[in-house]
Amino acid sequence: MNKTPARRVMLGALVALAALLDGTLVRAETYPSRPITVIVPFAGGSASDVVTRIMLNKMSQSMGQPIVVDNHPGAGGNIGTAMGAKAAPDGYTWVASGSGPIAANKTLYRDLGYDPEKDFEAVTPFAFFTIVVVASTQLPVKTLGELIAYAKAHPASSITARSASAARSTWAGSISSRSPAPSSRTCPIATSPNMGRT
Amino acid sequence: MIAGAVPLGFQWLPNVLGPLNSGGARPLAVAGKNRLPALPKTPTTAEAGLPEYEASGWFAMQVPRGTPKDIVARINREMAEALADPTVRERFEQQGAVPRVISPEEATKFTSTEIVKWRDIIQKAGIPQIQ
């Protein structure tokens, strides 16, 4: 007689447990249960790649699963980022992207092949970089002031540098022309920060 | 750069560490508010007389839309823990990178803000769109 309520309680508990097991509880407790792939949309050895691997190496130890970096450079980081947008949303594919493909390229490129906001969940930024202005030791300048003086004294062509992609060179020109520096309106100091080889 | 083919660069530090370490290039300035621990002798652009020139960027973790929120939160926590590790922080510093983690909610706002910020910079600079 008194078995029925007990059975009901037990049944109810089982149903509740099943619901929990089916949902987030089990996932949170078992995740990650297999290796994770992290798409890095930049070349191996680049700034992004180096710091991402430093961080992932540590995370792999604490998460107890291998975290495999998959470099997919190209189009200023857009190609690899687009691949990440199309990956299964199961927690086993992440994208370590950056201010190019996630922010600037939305304006720089007519078509990215993804929407940086709508196609992703943002986890968090993790590394902030500042541009470093460097000069070849073959250039007779040791300070930024000397560089500006040198640029003013020499024709534009003499200190134009090379860059690797349309994105980078376009961007580089702009950075210089925005700075009061060696006045790139008349003297294009080229090359390039971030967009291409991040 | 070492060969002299590229006399000047505006780059993230890791991308020019090779020529800097081999003596093929010298750092003139850091385009940010603070000097880099990895280049303590290199002045900021402001110190070098160019306060208006600052350029920085960031790397961020994204997961495909639809990834469960608890997993997003877990990855966020794991990243925060990894970046709190002194060895990891030191290795970031050596690369000229500043480690920082924010919540996924803040990260979503951060993305939107950055898109607008870069759009304004690019449009003001008159950079043509890449087809």
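**Entry 1: the three-stranded sheet**

I started with an open sheet of three strands, ordered β1(B)-β5(A)-β2(B), with antiparallel pairing. In this sheet β1 and β2 of chain B are the edge strands with a single partner strand each, so one side of each has no neighbour. From one strand to the next, the twist averages 25°. I noted the terms: strands (E, at least two residues) and helices (H or I, at least four) are DSSP runs numbered from the N terminus, and two strands pair if DSSP finds at least two bridges between them. Axes are lines fitted to C-alpha atoms, for helices over the stretch in contact, and angles between N-to-C directions run from 0 to 180 degrees.

The model is predicted, and local features need pLDDT of at least 70, side-chain atom pairs count only at pLDDT 80 or more, while totals for chains, interfaces and linings use all residues. Residues are numbered from 1 along each chain as its sequence is written, and chains are lettered from A and ligands numbered from 1 in the order in which they are written.

I then looked up how β5(A) is joined to β1(B), and found four bridges in an antiparallel run. Gly9(B) is the bridge partner of Val134(A), and Leu8(B) stands opposite Ala135(A).

Strand β5 of chain A also holds Ser136(A). Is Ser136(A) buried or exposed? I used the rule that a residue is buried if 20 or more other C-beta atoms, placed from the backbone, lie within 10 Å of its own, exposed if 12 or fewer, and partly exposed in between. Ser136(A) has 21 C-beta neighbours inside 10 Å, so Ser136(A) counts as buried. I also checked Ser136(A) against Ser62(A): they are 74 residues apart in sequence and 42 Å apart in space, C-alpha to C-alpha.

**Entry 2: helix α1 of chain B**

I looked at helix α1 (residues 13-22) of chain B, where seven of the ten residues are buried. Among them are Leu13(B), Val16(B) and Leu20(B). The buried residues of α1(B) pack against α3 (47-63) and β5 (132-136) of chain A, and against β1 (8-11) and β2 (25-30) of chain B. After α1(B) comes Gly23(B), with a positive phi near 85°.

**Entry 3: the six-stranded sheet**

I traced a second open sheet, of six strands, in the order β2(A)-β1(A)-β3(A)-β3(B)-β4(A)-β4(B), with mixed pairing. Its edges are β2 (67-71) of chain A and β4 of chain B; each has a single partner strand, so one side of each is left without a neighbour in the sheet. The twist here averages 25° from one strand to the next.

How many residues of β3(B) are buried? Eight of the nine are, so β3(B) is largely enclosed by the rest of the structure. Strand β3 (residues 93-98) of chain A pairs with β3(B) in the antiparallel sense over four bridges. There, Ala60(B) is the bridge partner of Ser97(A), and Phe59(B) is that of Gly98(A). Strand β4 (residues 120-130) of chain A is joined to β3(B) by nine bridges, also antiparallel, and Phe128(A) stands opposite Trp58(B).

I found α3(A) lying across β1 (36-40), β2, β3 and β4 of chain A together with β3 and β4 of chain B, at about 165° to β2(A).

I counted two residues as in contact if their C-beta atoms, placed from the backbone, lie within 7 Å. Leaving aside neighbours within four places in sequence, Met79(B) is in contact with residues including Met55(A), Phe126(A), Met61(B) and Val101(B).

**Entry 4: the contact between the chains**

I noted that the contact takes 88 residues from chain B and 88 residues from chain A. On the side of chain B that touches chain A, the largest share is 13 residues, from α4(B). That side has 53 nonpolar, 23 polar and twelve charged residues. For these classes, Ala, Val, Leu, Ile, Met, Phe, Trp, Tyr, Cys and Pro count as nonpolar, Asp, Glu, Lys and Arg as charged, and the others, Gly among them, as polar.
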